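Thanks for coming, everyone. I'll keep this brief. Please look at the sequence and the model first.

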Amino acid sequence: MGEGATALEVLDDEYFQDPHRFHAELREQSAARQVVLHRGLKVWLVGRYDEARFVLADPRFSKEFSGFEELFDKHHVGEGDRARFDQSLVQHMLNSDPPNHTRLRKLVSKAFTARRVEQLRPRIQQITDELLDAVAGQAEVDLVDALAFPLPITVICELLDVPMDDRDDFRRWSNILVGGDEPAAVEEAGGAMAAFLSRLVEHKRANPGDDIFSALVHATDDNDRLDHTELVSMAFLLLIAGHETTVNLIANGVHNLLLHPEQLDKLRSDPTLLPGAIEEFLRYEGPVNQATFRYTTEDVVVGDVTIPAGEIVLASLIAANRDERRFPDAESFDITRPSGGHLAFGHGVHYCVGAPLARLEGQIAVGALLDRYDIGLAAAPETLRWRSSTLMRGLYTLPISLSARGSR
Ligand code: HEM
């Protein structure tokens with residue numbers, strides 16, 4: 001880990017390539033430690049399970065976006081200016097506290113219940129089958145490009161009825177925005193994204209359909225009505241969440257099956273283990289590194305540490321999910337371990353709205369892949385690169401070998 005302008009550790013690329021070693025040390029030493037993110041923001045990192053869960057749910061850790069600007073300036077210790085996020089993308093539920101959060105979340109939560117999502121099963125299966133048909137006959141593919149990325153983005157775009165023509169642009173902007181690129185690149189991508197979504201809101205206003213997005217644009221009840229910026233921000237949140245996370249559930253999970261062939265064999269010999277395997281994918285190498293920013297509204301005791309008021313705090317989900325205090329033999333990947341309790345989808349009022357959808361997509365994608373193909377890792381494990389993102393834990397590429405299974 002690099003040394004920054006202060007004596008604090010900087011979470012640089014070396015950290016992203018192997019965060020688990022650092023997290024073990026973090027959990028050992030104290031409940032929370034100050035670190036500097038790779039773009040120069042000083043934050044408190046919380047790595048133990050109980051304390052991370054506490055931070056996620058306690059209302060003294062605020063997410064209200066209006067409070068952040070001043071704190072980002074105050075805690076920016078990096079060289080040069082910090083990136084400024086386009087203001088029309090930030091007014092969503094994940095940047096708000098109750099009661100505003102409650103109002104915004106209520107508008108979409110019904111669309112993502114397990115029962116509603118189950119109705120999407122045939123369509124998700126069909127998209128998966130088409131993606132797997134497209135690679136038939138190829139000896140080697142990048143699983144991220146071939147399946148893990150296109151499946152969730154196709155599903156969320158269909159749910160919101162967003163045209164797919166701009167998919168490459170959208171992917172590029174989205175990667176830059178969650179990846180913490182250079183400030184100029186973040187600002188340019190944010191502007192382009194906001195303009196794209198703003199045009200989309202206007203399009204929905206003029207051409208309503210029976211999708212979730214149209215329902216939001218045309219909500220008539222006063223309490224349900226969203227202003228233009230809230231609509232742009234809501235679309236941004238749903239598209240980004242649908243775009244950047246489930247890709248890592250699928251790719252990180254398959255990566256770990258390939259690194260642990262005995263687990264892959266177990267899953268092949270008993271497909272009923274699949275739902276539990278997905279939970280272990282989420283616990284062992286979940287798609288989200290650190291939960292999103294929170295800040296203390298007063299001094300708060302977190303385990304053996306007091307975090308003063310006005311500090312930015314990150315609960316490390318992937319660190320908490322390997323805490324031995326909560327998960328016996330936490331560093332071992334075991335698809336048969338009792339599932340449940342992991343923090344990969346967060347905890348408290350901001351618990352992931354899309355969890356049932358993500359689980360279903362993960363099960364269908366991995367189930368169909370294993371059903372149709374024998375797979376192997378087509379690159380030396382040490383050559384695979386992890387994204388340098390505080391938020392996302394994902395591989396840039398996952399080259400795998402494929403051969404059609406004899407039984408089909
Ligand atoms: C495996 C895939 C996914 C993972 C691991 C994941 C993880 C998370 C986490 C950790 C949070 C809480 C963040 C925090 O408290 O700081 C969250 C919130 C959220 N997620 Fe997901 N997510 C996934 C997929 C999805 C999908 C497919 C959607 C699309 C609908 C979605 C929509 C949301 C929304 C709207 C929130 C904000 C909820 C709120 O503020 O009340 N997520 N997600």
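**The ligand and its surroundings**

Start at Thr292: one of its polar side-chain atoms is 2.5 Å from an oxygen atom of the ligand. That is a polar contact, meaning a pair of N or O atoms within 3.5 Å; within protein, one must be able to donate a hydrogen and the other to accept it, and residues adjacent in sequence count only if both atoms are side-chain atoms. His101 makes one as well, with a side-chain N or O atom 2.6 Å from a ligand oxygen. Val349 uses a backbone N or O atom, 3.4 Å from an oxygen atom of the ligand.

Before I go on, the ground rules. This is a predicted model, where local features need pLDDT of at least 70, side-chain atom pairs count only at pLDDT 80 or more, and totals for chains, interfaces and linings use all residues. Residues are numbered from 1 along each chain as its sequence is written, and side-chain values use heavy atoms, with hydrogens and water left out.

Which protein atom is the donor to the iron atom of the ligand? It is SG of Cys352, the single donor from the protein, 2.3 Å away. Donors here are N, O and S atoms within 2.8 Å of the metal (3.2 Å for Na, K and Ca); water is not among the atoms, so sites may look incomplete. Cys352 sits in the loop between helix H17 (317–320) and helix H18 (355–372). Helices are DSSP runs of H or I, at least four residues, numbered from the N terminus.

Now the shell. There are 28 residues around the ligand, and His101, Arg105, Thr292, His350 and Cys352 come nearest. Near means a heavy atom within 4 Å. Helix H13 gives the most, four residues. By class, the shell has 17 nonpolar, eight polar and three charged residues. Ala, Val, Leu, Ile, Met, Phe, Trp, Tyr, Cys and Pro count as nonpolar, Asp, Glu, Lys and Arg as charged, and the others, Gly among them, as polar.

Two backbone details to finish. The peptide bond from Pro98 to Pro99 is cis, with omega near 5°. Pro99 lies in the loop between helix H4 (68–74) and H5. Asp161 is not a glycine, yet its phi is positive, near 50°. Asp161 is in the loop between helix H9 (150–160) and helix H10 (167–179).

Conventions:
Helix = DSSP H or I, 4+ residues; strand = E, 2+ residues; numbered from the N terminus.
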